[in-house]
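Please go through the labels used for this model. For each one, set the value beside the rule and say what follows.

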Amino acid sequence: MIDSASLLAVLPELTLTAGGLILMLVAAFGGDNSARLVNWLSVLVLIGAGLALPCSLAHGPDAFDGLVRADAFSAFAKGLIYVAAAAAILLAPRFFSVGGRPRPEYPVLILFAAIGMGMMVSAGDLLTLYVGLEMNSLASYVLASFMRQDERSSEAGLKYFVLGSLASGILLYGSALLYGFTGTTAFDGIAVAMGDGVSKGELFGLVFLLSGLAFKISAVPFHMWTPDVYEGAPTPVTAFFGSAPKVAAIGLTVRVAIEALGPAGLDWQQIVIFVALASILFGAVAAIGQTNIKRLMAYSSINNVGFALVGLAGGTPAGAAATMSYMAIYVVMTIGGFACILQMRDADGKPIEAIASLAGLSQSRKGLAAALAIFMFSMAGIPPLFGFWAKFLVFDAAVASGLTALAAFGIAMSVIGAFYYLKIIKTMYFDEPTISFEAKGGAVENVILTACAVVILLGYLLNPVLDQASAAAAASLF
């Protein structure tokens with residue numbers, strides 16, 4: 001049933017929809033000359049959607065007869081999504097201005113992707129889950145191939161589309177199996193049906209559903225698209241892929257596991273533990289030989305997804321809270337890291353992606369080298385940076401759940417994973433310069449990477465707020 005209270009629950013999505021449609025008309029009539037205006041207005045629309053989040057919570061947890069959840073968990077995830085989306089929009093104009101003009105369609109596509117991601121983390125039904133996921137995916141396919149004149153970008157978009165369609169089919173098949181064997185698509189109804197024991201049909205549906213979600217979070221063994229898409233897509237798009245959709249997919253996975261598949265905990269926990277172990281191991285080892293920094297960040301994202309799933313594996317409120325805290329810190333590290341990568345330009349202003357080109361960066365761009373070193377140390381989990389706290393939270397939750405061996409494995413792999421982060425720092429500070437970097441970075445990039453670096457350095461001051469928000473988000477699922 002549609003009523004005013006239910007519409008209030010989806011006010012952030014309505015704000016994004018109205019803003020996206022209006023800005024699409026502005027882009028159509030204004031052409032490429034309207035790109036700057038559309039960019040800033042898109043950020044304002046995202047801010048408006050963020051301000052609407054408290055209003056959506058006033059309705060209560062369920063809207064549209066349970067199709068949508070408007071709770072603390074969805075609000076927490078949406079806040080992260082909107083921040084990451086706004087950063088991806090602000091980082092883009094300078095990149096796209098090299099060799100051409102910024103395109104006004106870019107921020108509009110991100111707004112529509114944000115609508116889908118908001119539906120994903122608010123889903124209370126398999127139908128809402130699938131619609132939100134596909135809305136995000138359709139915009140993402142176009143974003144990956146946004147630079148039509150670039151062969152790598154077109155290839156990235158095609159690969160993402162083909163493999164994404166396969167994953168969507170797998171997820172849809174799993175949803176159909178769960179509906180067939182439980183008689184409902186609602187998360188609450190599926191949980192009730194599984195409370196009497198998990199049949200073989202339900203188990204198969206569970207496996208297919210989690211397999212489809214594993215593709216969306218780029219977890220092993222469904223990671224194959226990630227390095228190619230990260231490398232081929234425009235760098236601002238890669239920054240977007242590495243942050244906002246990751247939060248949405250992890251948030252959706254947490255909600256499905258806890259709310260829909262909660263009674264089948266012993267079954268899905270085995271899958272999550274395997275995926276976490278495989279992602280941590282593969283991400284740590286495969287990144288070692290990379291020479292392209294965007295491909296390295298792709299394997300780093302696979303590795304980090306594994307760490308985030310360590311928190312979920314326990315199936316406890318503390319574990320779910322740790323996973324969402326991990327994603328909040330991961331978003332800051334990722335946005336900051338890509339803000340640094342966007343400043344990797346030669347003297348002519350053309351983007352550079354080779355790790356070897358960072359040689360001697362500490363001599364020519366001291367501030368940029370220091371910021372990138374902060375993000376690399378933080379991703380490696382080295383104290384006292386904020387990335388250490390993220391890993392501590394998920395390992396602590398795993399140990400509290402009795403998964404001590406999983407936590408020990410994760411800690412051991414952190415040491416291996418630290419190698420390729422430290423390799424970048426060694427290249428910047430100890431190798432002889434090979435090329436001349438651009439003398440000065442963009443103002444917006446500098447502001448964003450400075451803000452992210454400050455958060456990573458002084459993030460422990462935010463712990464009370466982050467812990468309280470993530471605990472409230474996790475509690476709403478249980």
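**Labels and the values behind them**

Q: Why is Glu445 called buried?
A: Glu445 has 2% relative accessibility and therefore counts as buried, a label for values under 20% relative accessible area, with exposed meaning over 50% and partly exposed in between (1.4 Å probe, protein chains only). The model is predicted, so local features need pLDDT of at least 70 and side-chain atom pairs count only at pLDDT 80 or more, while totals for chains, interfaces and linings use all residues. Residues are numbered from 1 along each chain as its sequence is written, and side-chain values use heavy atoms, with hydrogens and water left out.

Q: What makes the contact of Glu445 and Arg94 a salt bridge?
A: The N to O distance between the two side chains is 2.9 Å. The rule asks for a side-chain nitrogen of Lys or Arg within 4 Å of a carboxyl oxygen of Asp or Glu, so the pair qualifies. The two partners are 351 residues apart, with Glu445 in helix H22 (residues 443–458) and Arg94 in helix H6 (residues 92–96). Helices here are DSSP runs (H or I, at least four residues), numbered from the N terminus, as are strands (E, at least two).

Q: Why is Arg94 called partly exposed?
A: Arg94 has 24% relative accessibility, so Arg94 counts as partly exposed.

Q: How do you know that Lys294 and Glu353 meet in a salt bridge?
A: Their side chains are 3.5 Å apart, N to O, and the limit is 4 Å, so the label applies. Lys294 is in helix H16 (residues 293–313) and Glu353 in the loop between H17 and helix H18 (361–364), 59 residues apart. Lys294, at 1% relative accessibility, counts as buried, and Glu353, at 14%, counts as buried too.

Q: What makes Asp228 and Lys159 a salt-bridge pair, and are they buried or partly exposed?
A: The side chains meet at 3.0 Å, N to O. Asp228 in helix H12 and Lys159 in helix H9 (residues 151–182) are 69 residues apart. Asp228 has 27% relative accessibility and so counts as partly exposed; Lys159, with a relative accessible area of 30%, is partly exposed as well.

Q: Which residues are linked in a network of salt bridges?
A: Arg152, Glu155, Lys159, Asp228, Glu231, Lys294, Arg295 and Glu353 are linked in this way. By the same rule the count comes to 14 salt bridges.

Q: What makes a set of residues a nonpolar core, and which residues touch the most other members of the largest one?
A: The members are buried Ala, Val, Leu, Ile, Met, Phe, Trp, Tyr and Cys residues joined through side-chain atoms within 4.5 Å. The largest such core has 165 residues, and Phe240 and Phe241 touch the most other members. Helix H17 (residues 317–341) gives the largest share, 17 residues.

Q: Which residues does Phe240 touch?
A: Leaving aside residues up to four places away in sequence, Phe240 touches Ala85, Ala88, Ile110, Ala113, Met117, Leu143 and Pro245. Contact means heavy atoms within 4.5 Å.

Q: What is the phi of Ser218, and is Ser218 buried or exposed?
A: Phi is near 55°, a positive value in a residue other than glycine. Ser218 lies in the loop between H11 and H12 and, at 0% relative accessibility, counts as buried.

Q: Where are cis peptide bonds found?
A: One runs from Val220 to Pro221, with omega near 10°. Another joins Pro383 and Pro384, where omega is about 5°. Pro384 lies in the loop between helix H19 (366–379) and helix H20 (386–400).
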